[in-house]
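Visitor: Could you walk me through this model and tell me what stands behind the terms you use?
Guide: Gladly, let us look together.

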Amino acid sequence: MKALIRGGTIVTDEASFAGDVLIRDGVILKVAERIDAPDAAVVDAAGKLVLPGAVDIHTHMDLDVGIARVIDDFFTGTVAAACGGTTTIVDHMAFGPVGCSPWHQVKAYHRLADGVAAVDYGFHGVLQHVDDSVLDDMAQIAAQEGITSFKAYMTYDGRLDDLALMRVLERAAQEGILIAVHCENHGIVTCLRERFVREGKTQARWHPVSRPAVAEAEAVNRLLCLARAAGDAPVYVVHLSTRMGLEAIRRARANGQRHFGAETCPQYLLLDEALYGDPREGLKAIMAPPLRRQADRDALWDALSGDELDTVATDHCPFTFARQKQQGAADFTRCPSGAPGVEERLALLYSEGVAKGRLTLPQLVKYACANPARVAGLYPRKGAIVEGADADLVIFDPQRKWTLTTAALHGNADYTCYEGMKVVGRVERVLLRGKTIVRNGAFVGARGDGQYLRREKSSLA
Ligand code: MN
């Protein structure tokens, strides 16, 4: 089975150029200015962009947070991903039962995703306590499962303290395993939340005040210092949201530290903490870290445009506004934390980034496709339009104007944080290993089309 994507503008993380892409048996066979293949089915891409299938390395499908379970499972969530041009996800696991081995969640997540996901998928492991057997399991899981990254939290009940983090980082440096970290100072956040509840400051507007920028900046700085002390251990800061946190990243780079990376998300680039001013609507955007201020957004855009960050992921973590988010109606600390976003990313980055002159087309591909694949140890099989790569491709119409609405999206969430936002550029067709899974913006793939991805070592390791 051959297919020829003809006459589009091919975009890689280095350049964009007019050309054709020839696919055979799910793999890219050839990329050239002009390809003649009379035996191939032709897909006309004239006037369209041809992008690598996007890679989202921060999602939470089917996540159980104890007080609520997200409403997208590995099928509905990956249908939404596909319709947004994302053909690969790497999902962050929930914590397992207290004291369990990291293997517990690896097995649980295979049960949730295998035969269910509609795009290709991998998992980050999760660390919730540390001892010798956990560290041995981490190395064994990396080798046997191709799970070459693990997540640790500096806040929440499953958090690791500095000593536990040091033990993890020393082992990670030895084994070439990437440690992704949720960076917020637990003492700051807990103290403020407890006091606000005591003082009756329980409306949504107190949420961002309870998780201030300095809580992120302190934790980012501390993580990078610990990683340096552990021998430049490979670490990845997830969902960076503040200018102060960015300054810690810049300092580490200036000091010669090399094995680290940082991710931000569309919500931290585009949404404002003013959303929390409405006590009811504000619940939609209760997430950690919270939305920030204009100065933070400007700093993050500057960092993207200056190639100082590594990736843009979504932290897709959808709860229903009608029911689940209302658990926080009287007290924001009881609101399940997270918001949908897996489908909106590419359209938002194109419309608000490329079309507004903040990002170049190659930077769009770098942040949404190539670098996430590199960080996850999937490059160039994913995130690249080169001979031998998986034929994961997005045909993107850069002219098409549309409005982001809940009805236009495909996940199970009953809201989008971008409701009513006018955007330019839309995903038209998506190929997963050569198979069309989205046509004219509609999902035409199947449950179980996605394959489990064993990952190589991260580019940061
Ligand atoms: Mn997350």
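Visitor: Which element gives the largest share of the lining of the largest pocket?
Guide: Helix 5 does, with five residues. Helices (H or I, at least four residues) and strands (E, at least two) are DSSP runs, numbered from the N terminus, and helix 5 covers 186-198. This is a predicted model, where local features need pLDDT of at least 70 and side-chain atom pairs count only at pLDDT 80 or more, while totals for chains, interfaces and linings use all residues. Residues are numbered from 1 along each chain as its sequence is written, and side-chain values use heavy atoms, with hydrogens and water left out.

Visitor: Why is H58 called buried?
Guide: Buried means under 20% relative accessible area, exposed over 50%, partly exposed in between (1.4 Å probe, protein chains only). H58 has 0%, so the word applies. H60, at 6%, is buried too.

Visitor: What makes H58, H60 and D315 donors of the manganese ion?
Guide: Donors are N, O and S atoms within 2.8 Å of the metal (3.2 Å for Na, K and Ca); water is not among the atoms, so sites may look incomplete. Here NE2 of H58, NE2 of H60 and OD of D315 coordinate the ion at 2.1 Å, so they qualify. Their spacing in sequence is H-x1-H-x254-D.

Visitor: How do you know that strand 6 pairs with strand 7?
Guide: Two strands pair if DSSP finds at least two bridges between them. Four bridges join strand 6 to strand 7, so the pair counts. The two run parallel, and D56 stands opposite I89 in strand 7.
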